[in-house]
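Here are my notes on the charged contacts and one of the helices. Please read them with the sequence and the structure side by side.

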Amino acid sequence: MTRFALIALPLLALAAPLPAAANEMQGAVATLNDPVAQDRMADTITAMVGALMQMQVGPLAKAVAQIDPESDAAYIPPDATLGEVTGRDPEYAERMGADVRAGTRMAGHAASALAAYAPVLKDMARDFAAQWEREREASRR
């Protein structure tokens, strides 16, 4: 009986917010499955990473070298970019964007499946809760 109660409690906790979560999830599902939104997210990451890799790190390296003259920062050229210092390849930003695009598509598929199963999970949780209540009442007799 105790073991059944331990199983039922998480299901009860899941069942309560499912109707609201299912309604809220529809917007996220639609966005994640929208190719235009996927491209927008990927393009944003590509632009941000590209800009970040072109950021000048020379002034920061100079400040670090003044604090610690023995650090490697002392050898960084004043006009060095983050991309040059990290040794990244020129296609890094584009690959990151492609990864975001693929990850967004996968998240969309997962969210769609979760939204489709939400009513079934809610029914299962309700059934388990009713069975738990019946078992609890039977054990009190």
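1. Helices here are DSSP runs of H or I with at least four residues, numbered from the N terminus, and strands are runs of E with at least two. The model is a predicted one, in which local features need pLDDT of at least 70 and side-chain atom pairs count only at pLDDT 80 or more, while totals for chains, interfaces and linings use all residues. Residues are numbered from 1 along each chain as its sequence is written, and side-chain values use heavy atoms, with hydrogens and water left out.

2. Within helix 6, Arg140 and Glu137 are three residues apart, which is about one turn of the helix. Their side chains form a salt bridge with an N to O distance of 3.6 Å, a salt bridge being a side-chain nitrogen of Lys or Arg within 4 Å of a carboxyl oxygen of Asp or Glu. Arg140 is exposed, at 55% relative accessibility, whereas Glu137 is partly exposed at 34%; the classes are buried for under 20% relative accessible area, exposed for over 50% and partly exposed in between, computed with a 1.4 Å probe on protein chains only.

3. By the salt-bridge rule, the count comes to six. One of them pairs Arg101 with Asp39, with 2.8 Å between the closest N and O atoms. Arg101 lies in helix 6 (residues 92-140) and Asp39 in helix 3 (residues 35-53), so this pair ties together parts that are 62 residues apart in sequence. Both partners are partly exposed, Arg101 with a relative accessible area of 23% and Asp39 with 34%.

4. Arg101 also meets the side chain of Asp43 in a salt bridge, at 3.4 Å from N to O. This pair, too, links distant parts of the chain, since Asp43 is in helix 3 and Arg101 in helix 6, 58 residues apart. Asp43 is partly exposed, at 45% relative accessibility.

5. Helix 3 itself has 19 residues and spans 27 Å from its first C-alpha to its last, close to the 27 Å expected at 1.5 Å a residue, where the expected span is 1.5 Å times one less than the number of residues. Its buried residues include Ala37, Gln38, Ala42, Val49, Gly50 and Met53. At the start of helix 3, a side-chain oxygen of Asp34 comes to within 3.1 Å of the backbone nitrogen of Val36.

Notes: A polar contact is a pair of N or O atoms within 3.5 Å; within protein, one must be able to donate a hydrogen and the other to accept it, and residues adjacent in sequence count only if both atoms are side-chain atoms.
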